Amino acid sequence: RVQIYVCRHGTTTWNLAKKWQGQQDTELAPEGIQQAEETGKLLASRISRCSGIYASDLKRAHHTAQIYGKALNCEVVVEPRLREPSLGKFEGMHRSDIYAEFADLFKELAKMGQSERLHKAYFEGLESPAETSARVEALAQDVLDAATAEEVTTVLFVTHSKVLEAVLAKVFGKFYEGVHTSPGAFFVWTLSDENELGDLHKVQ
(Lines give C-alpha, C1' and ligand atoms only; values in the text may rest on other atoms or scores of the structure.)
Protein backbone atom coordinates (compact mmCIF):
# COMPACT_ATOMS: atom_id res chain seq x y z
CA ARG A 1 0.00 0.00 0.00
CA VAL A 2 1.25 3.44 -0.92
CA GLN A 3 0.20 6.76 0.55
CA ILE A 4 0.94 9.69 -1.76
CA TYR A 5 0.78 13.31 -0.69
CA VAL A 6 0.11 15.12 -3.99
CA CYS A 7 1.31 18.68 -3.37
CA ARG A 8 1.11 21.96 -5.23
CA HIS A 9 4.20 24.20 -5.11
CA GLY A 10 4.34 27.43 -3.08
CA THR A 11 3.36 30.87 -4.34
CA THR A 12 5.43 32.23 -7.22
CA THR A 13 6.09 35.72 -8.54
CA TRP A 14 3.68 35.00 -11.39
CA ASN A 15 0.99 33.74 -8.99
CA LEU A 16 1.19 37.12 -7.26
CA ALA A 17 0.93 38.88 -10.64
CA LYS A 18 -2.07 36.64 -11.53
CA LYS A 19 -0.32 35.31 -14.64
CA TRP A 20 -0.80 31.77 -15.92
CA GLN A 21 2.45 29.82 -15.89
CA GLY A 22 2.14 26.41 -17.55
CA GLN A 23 5.65 25.26 -18.47
CA GLN A 24 7.26 28.67 -17.99
CA ASP A 25 10.00 28.10 -15.41
CA THR A 26 9.09 30.66 -12.76
CA GLU A 27 10.57 31.10 -9.28
CA LEU A 28 9.03 30.92 -5.83
CA ALA A 29 8.27 34.33 -4.36
CA PRO A 30 9.61 35.06 -0.84
CA GLU A 31 6.05 34.40 0.38
CA GLY A 32 6.16 31.04 -1.39
CA ILE A 33 9.36 30.03 0.37
CA GLN A 34 7.86 30.89 3.76
CA GLN A 35 4.66 29.08 2.80
CA ALA A 36 6.62 25.96 1.82
CA GLU A 37 8.50 26.03 5.13
CA GLU A 38 5.19 26.18 7.03
CA THR A 39 3.65 23.42 4.92
CA GLY A 40 6.82 21.35 5.40
CA LYS A 41 6.30 21.52 9.16
CA LEU A 42 2.68 20.45 8.73
CA LEU A 43 3.71 17.49 6.56
CA ALA A 44 6.43 16.52 9.05
CA SER A 45 3.81 16.46 11.84
CA ARG A 46 1.73 14.01 9.80
CA ILE A 47 4.37 11.78 8.21
CA SER A 48 6.55 9.68 10.50
CA ARG A 49 8.64 8.18 7.69
CA CYS A 50 8.93 9.53 4.17
CA SER A 51 10.23 7.07 1.59
CA GLY A 52 10.79 9.57 -1.21
CA ILE A 53 9.88 12.94 -2.68
CA TYR A 54 9.25 13.12 -6.42
CA ALA A 55 9.28 16.63 -7.87
CA SER A 56 8.45 18.24 -11.18
CA ASP A 57 11.54 19.47 -13.00
CA LEU A 58 10.23 23.06 -13.01
CA LYS A 59 12.01 25.29 -10.48
CA ARG A 60 8.98 26.34 -8.46
CA ALA A 61 8.06 22.73 -7.67
CA HIS A 62 11.63 21.50 -7.24
CA HIS A 63 12.45 24.34 -4.79
CA THR A 64 9.28 23.55 -2.82
CA ALA A 65 10.25 19.87 -2.76
CA GLN A 66 13.72 20.68 -1.44
CA ILE A 67 12.16 22.62 1.45
CA TYR A 68 9.85 19.67 2.19
CA GLY A 69 12.84 17.34 1.94
CA LYS A 70 14.66 19.22 4.71
CA ALA A 71 11.58 19.11 6.93
CA LEU A 72 11.07 15.38 6.33
CA ASN A 73 14.75 14.38 6.06
CA CYS A 74 13.94 12.85 2.70
CA GLU A 75 15.68 12.79 -0.68
CA VAL A 76 14.20 14.62 -3.68
CA VAL A 77 14.06 12.88 -7.07
CA VAL A 78 13.32 14.94 -10.20
CA GLU A 79 10.41 13.39 -12.11
CA PRO A 80 9.34 15.03 -15.41
CA ARG A 81 5.99 13.19 -15.33
CA LEU A 82 4.97 15.68 -12.62
CA ARG A 83 5.56 18.73 -14.82
CA GLU A 84 2.71 21.18 -15.41
CA PRO A 85 1.12 20.73 -18.84
CA SER A 86 1.71 23.41 -21.44
CA LEU A 87 -0.98 26.07 -21.51
CA GLY A 88 -0.01 27.31 -24.96
CA LYS A 89 -0.78 30.96 -25.66
CA PHE A 90 -2.18 31.39 -22.12
CA GLU A 91 1.34 31.22 -20.66
CA GLY A 92 2.41 34.65 -19.45
CA MET A 93 -1.06 36.16 -19.89
CA HIS A 94 -2.92 37.83 -17.03
CA ARG A 95 -5.83 35.75 -15.75
CA SER A 96 -8.43 38.46 -16.42
CA ASP A 97 -7.18 38.90 -19.99
CA ILE A 98 -7.46 35.15 -20.61
CA TYR A 99 -11.07 35.01 -19.46
CA ALA A 100 -11.95 38.19 -21.40
CA GLU A 101 -10.26 37.29 -24.69
CA PHE A 102 -11.24 33.61 -24.67
CA ALA A 103 -14.69 33.88 -23.09
CA ASP A 104 -16.26 31.72 -25.82
CA LEU A 105 -13.77 28.91 -25.20
CA PHE A 106 -14.48 28.86 -21.48
CA LYS A 107 -18.24 28.89 -22.11
CA GLU A 108 -17.81 25.90 -24.41
CA LEU A 109 -15.70 24.03 -21.83
CA ALA A 110 -18.20 24.78 -19.06
CA LYS A 111 -21.03 23.15 -21.05
CA MET A 112 -19.15 19.86 -21.48
CA GLY A 113 -19.83 16.75 -19.46
CA GLN A 114 -17.02 15.42 -17.30
CA SER A 115 -15.71 12.78 -19.72
CA GLU A 116 -15.73 15.13 -22.70
CA ARG A 117 -14.00 17.88 -20.69
CA LEU A 118 -11.27 15.53 -19.46
CA HIS A 119 -10.38 14.68 -23.05
CA LYS A 120 -10.40 18.29 -24.28
CA ALA A 121 -7.24 20.41 -24.24
CA TYR A 122 -7.35 24.21 -24.27
CA PHE A 123 -5.80 24.25 -27.75
CA GLU A 124 -5.01 21.67 -30.42
CA GLY A 125 -1.70 19.93 -29.80
CA LEU A 126 -1.76 20.42 -26.02
CA GLU A 127 -2.26 17.74 -23.39
CA SER A 128 -5.78 17.04 -22.12
CA PRO A 129 -6.50 16.70 -18.39
CA ALA A 130 -6.94 12.93 -18.91
CA GLU A 131 -3.47 12.71 -20.46
CA THR A 132 -1.98 14.76 -17.62
CA SER A 133 -3.54 12.44 -15.04
CA ALA A 134 -2.43 9.33 -16.95
CA ARG A 135 1.28 10.15 -16.62
CA VAL A 136 0.88 10.79 -12.89
CA GLU A 137 -1.09 7.55 -12.49
CA ALA A 138 1.76 5.72 -14.24
CA LEU A 139 4.26 7.18 -11.76
CA ALA A 140 2.00 6.20 -8.85
CA GLN A 141 1.84 2.65 -10.21
CA ASP A 142 5.65 2.57 -10.46
CA VAL A 143 5.91 3.59 -6.80
CA LEU A 144 3.34 0.94 -5.82
CA ASP A 145 5.16 -1.75 -7.82
CA ALA A 146 8.42 -0.93 -6.00
CA ALA A 147 6.81 -0.88 -2.53
CA THR A 148 7.04 -3.74 -0.06
CA ALA A 149 3.88 -5.53 0.98
CA GLU A 150 4.73 -5.42 4.68
CA GLU A 151 4.35 -1.71 5.38
CA VAL A 152 2.75 1.47 4.08
CA THR A 153 5.10 3.46 1.83
CA THR A 154 4.58 7.21 2.11
CA VAL A 155 5.87 9.52 -0.63
CA LEU A 156 5.31 13.07 -1.85
CA PHE A 157 4.58 14.18 -5.41
CA VAL A 158 5.41 17.90 -5.61
CA THR A 159 3.75 19.29 -8.67
CA HIS A 160 1.33 21.92 -10.05
CA SER A 161 -2.29 23.08 -9.99
CA LYS A 162 -3.41 21.56 -13.30
CA VAL A 163 -1.88 18.23 -12.26
CA LEU A 164 -3.75 18.16 -8.93
CA GLU A 165 -6.97 19.13 -10.71
CA ALA A 166 -6.54 16.45 -13.38
CA VAL A 167 -5.91 13.62 -10.90
CA LEU A 168 -8.76 14.68 -8.61
CA ALA A 169 -11.10 14.70 -11.61
CA LYS A 170 -9.98 11.57 -13.45
CA VAL A 171 -9.05 9.27 -10.55
CA PHE A 172 -11.54 10.45 -7.94
CA GLY A 173 -14.43 11.81 -10.02
CA LYS A 174 -14.30 15.41 -8.82
CA PHE A 175 -15.94 17.79 -11.31
CA TYR A 176 -12.94 19.13 -13.26
CA GLU A 177 -14.19 22.70 -13.72
CA GLY A 178 -15.13 22.82 -10.02
CA VAL A 179 -11.76 21.86 -8.50
CA HIS A 180 -9.64 24.73 -7.17
CA THR A 181 -6.32 24.54 -5.34
CA SER A 182 -4.21 27.22 -3.65
CA PRO A 183 -0.39 27.33 -3.57
CA GLY A 184 0.80 24.92 -0.88
CA ALA A 185 -2.26 22.69 -1.31
CA PHE A 186 -2.08 18.90 -1.02
CA PHE A 187 -4.32 15.86 -0.96
CA VAL A 188 -3.69 12.31 0.23
CA TRP A 189 -4.01 9.46 -2.29
CA THR A 190 -3.89 5.93 -0.89
CA LEU A 191 -3.19 3.36 -3.57
CA SER A 192 -3.43 -0.42 -3.19
CA ASP A 193 -6.00 -2.56 -4.97
CA GLU A 194 -8.08 0.57 -5.40
CA ASN A 195 -7.74 4.34 -5.07
CA GLU A 196 -8.80 6.09 -1.88
CA LEU A 197 -8.93 9.86 -1.38
CA GLY A 198 -7.96 11.10 2.06
CA ASP A 199 -7.48 14.57 3.51
CA LEU A 200 -7.68 17.67 1.34
CA HIS A 201 -5.61 20.73 2.35
CA LYS A 202 -6.30 24.04 0.56
CA VAL A 203 -8.34 22.18 -2.06
CA GLN A 204 -11.94 23.16 -2.84
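The lining of the largest cavity comprises seven nonpolar, three polar and four charged residues, where Ala, Val, Leu, Ile, Met, Phe, Trp, Tyr, Cys and Pro count as nonpolar, Asp, Glu, Lys and Arg as charged, and the others, Gly among them, as polar. The model is predicted, with pLDDT of at least 70 needed for local features and 80 or more for side-chain atom pairs, while totals for chains, interfaces and linings use all residues. Residues are numbered from 1 along each chain as its sequence is written, and side-chain values use heavy atoms, with hydrogens and water left out.

The whole structure holds one cavity of 30 Å³ or more. On a 1 Å grid over the protein atoms alone, a cavity is a set of points where a 1.4 Å probe fits but cannot get out, a pocket is an open set with protein on both sides within 12 Å along at least five of seven lines, and lining residues have an atom within 4 Å of a point. Grid points are joined across faces, edges and corners, and a volume is the space filled by probe spheres set on the points. The largest cavity contains about 100 Å³ of space. Its lining has 14 residues, of which Pro-85, Tyr-122, Glu-127, Pro-129 and Tyr-176 are the closest to its centre.

The largest pocket contains about 660 Å³ of space. Among its 26 lining residues, Trp-20, Arg-95, Ser-161, Lys-162 and Glu-165 are the closest to the centre. Nine residues of this lining are nonpolar, eight polar and nine charged. Lys-162 also lies over the face of Trp-20, at 4.9 Å from the ring centre; for such a contact, NZ of Lys or CZ of Arg is within 6 Å of the ring centre and within 35 degrees of the ring normal.

Trp-20 belongs to one aromatic cluster with Phe-90, Tyr-99, Phe-102, Phe-106, Tyr-122 and Phe-123. The charged end of Lys-89 sits over the ring of Phe-123, 4.9 Å from its centre.

Aromatic pairs number 15, counting rings of Phe, Tyr and Trp (its six-membered ring) with centres within 6.5 Å; planes under 30 degrees apart count as stacked, over 60 as edge-to-face and the rest as tilted. Tyr-54 and Phe-157 form an edge-to-face pair, because their ring centres are 5.8 Å apart and their planes stand at 85°. Phe-157 has 0% relative accessibility and therefore counts as buried (under 20% relative accessible area, with exposed over 50% and partly exposed in between; 1.4 Å probe, protein chains only). Phe-172 and Trp-189 are likewise edge-to-face, since their centres lie 6.1 Å apart with planes at 85°. Both Phe-172 and Trp-189 are buried.
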